[in-house]
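Dear colleague,

The findings follow directly after it, arranged by topic.

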Amino acid sequence: MPNYGYSIIGLDPDKTAVASGRNMRCSPKHCVEICNEIRGEMLHDALDLLDKVIDEEAWIPYKKYKKKGAHHSGMKKWHTGGHPVKASKKIREVLVNAEANADHKGLDIDRLRIKHAATQKGRTYKKYIQRAFGRSTEYFEHTAHVEIVLEEVG
């Protein structure tokens, strides 16, 4: 069993709450783009944004992994983006867990800001697709680690 830690150090335990999702079965690239978008926002704004992305009403700009990305007319301020629904659902679960941790610590929920949102690549699962004549082709399923730190501001 691996011993996971956080990539951020020096947190004040009285004003912060942390949560992480490990080996989440969603695209690490999508998680990176979502974390870049929600970092620094208030918690309720980030949850609203992720709800809109899940309903495909809002866009997440692809700033780092934009190769071969199509232009979309609905995008503002950035030409490449998408609706990463699966990654948004997973990161929303981590945000709700962090909110519950903050509530358990006695922090004010309305004054929580996302101080740290980071993604690292997780474990890669090797799988096989059956082919004709008894052959098989391998493919890889990538996972992601997501860390969220909420800080009480004001």
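**Helix 3**

In helix 3, the buried residues are Val85, Ala87, Ser88, Ile91, Val94, Leu95, Ala98 and Ala102. Please bear in mind throughout that this is a predicted model. Helix 3 consists of 21 residues, and the distance from its first C-alpha to its last is 30 Å, close to the 30 Å expected at 1.5 Å a residue. The elements that cover its buried residues include strand 1 (16-24), helix 1, helix 2, strand 4 and strand 5. Directly after helix 3 comes Gly106, which has a positive phi, near 90 degrees.

**Helix 2**

Helix 2 spans residues 43-54. Its twelve residues reach 17 Å from the first C-alpha to the last, close to the 16 Å expected at 1.5 Å a residue. Leu43, Ala46, Leu47, Leu49, Leu50 and Val53 are the buried residues of this helix. When helix 2 is viewed down its axis, these buried residues fall within an arc of 160 degrees, so they line one face of the helix.

Three strands form an open sheet in the order 1-5-4, and their pairing is antiparallel. Strand 1 and strand 4 stand at the edges with a single partner strand each, so one side of each has no neighbour in the sheet. From one strand to the next, the twist averages 10 degrees.

Strand 1 is paired with strand 5 in the antiparallel sense over seven bridges. Within the sheet, Gly21 stands opposite Val146 in strand 5. Strand 4 and strand 5 are also paired in the antiparallel sense, over 16 bridges. Here Lys126 stands opposite Phe140 in strand 5. The hairpin of strand 4 and strand 5 has five residues between the strands, and Phe133 in this hairpin takes a positive phi near 60 degrees.

Helix 1 lies across strand 4 and strand 5, and runs at about 170 degrees to strand 4.

Most residues other than glycine have a negative phi.

Glu56, which follows helix 2, has a positive phi of about 60 degrees although it is not a glycine. This residue is found in the loop between helix 2 and strand 2. Glu56 counts as exposed, because its relative accessibility is 52%. Leaving aside residues up to four places away in sequence, Glu56 touches His83 and Val85; Val85 is one of the buried residues of helix 3. The C-alpha atoms of Glu56 and Arg123 are separated by 28 Å, and these two residues are 67 residues apart along the chain.

Lys77 is likewise a residue other than glycine with a positive phi, in this case near 70 degrees. Lys77 lies in the loop between strand 2 and strand 3 (81-82). With a relative accessible area of 85%, Lys77 is exposed.

**Cysteines**

How many disulfides are there? The count comes to zero, where a disulfide requires a pair of cysteine sulfur atoms within 2.5 Å. The closest cysteine sulfur to that of Cys26 is in Cys31, at 3.4 Å, which is too far for a bond. For Cys35, the closest cysteine sulfur is also in Cys31, at 6.4 Å, and this is again too far for a bond.

Are Cys26 and Cys35 buried or exposed? Cys26 counts as buried, because its relative accessibility is 4%. Cys35 counts as buried as well, with a relative accessibility of 1%.

With kind regards

Conventions. Residues numbered from 1 in each chain as written. Predicted model: local features only at pLDDT ≥ 70, side-chain atom pairs only at ≥ 80, totals over all residues. Heavy atoms only, no water. Helix = DSSP H or I, 4+ residues; strand = E, 2+ residues; numbered from the N terminus. Expected span 1.5 Å × (residues − 1). Buried < 20%, exposed > 50% of the residue type's maximum accessible area, 1.4 Å probe, protein only. Arc of directions from axis to C-beta. Contact = heavy atoms within 4.5 Å. Pairing = 2+ DSSP bridges. Axes fitted to C-alpha atoms, helices over the stretch in contact; angles between N-to-C directions.
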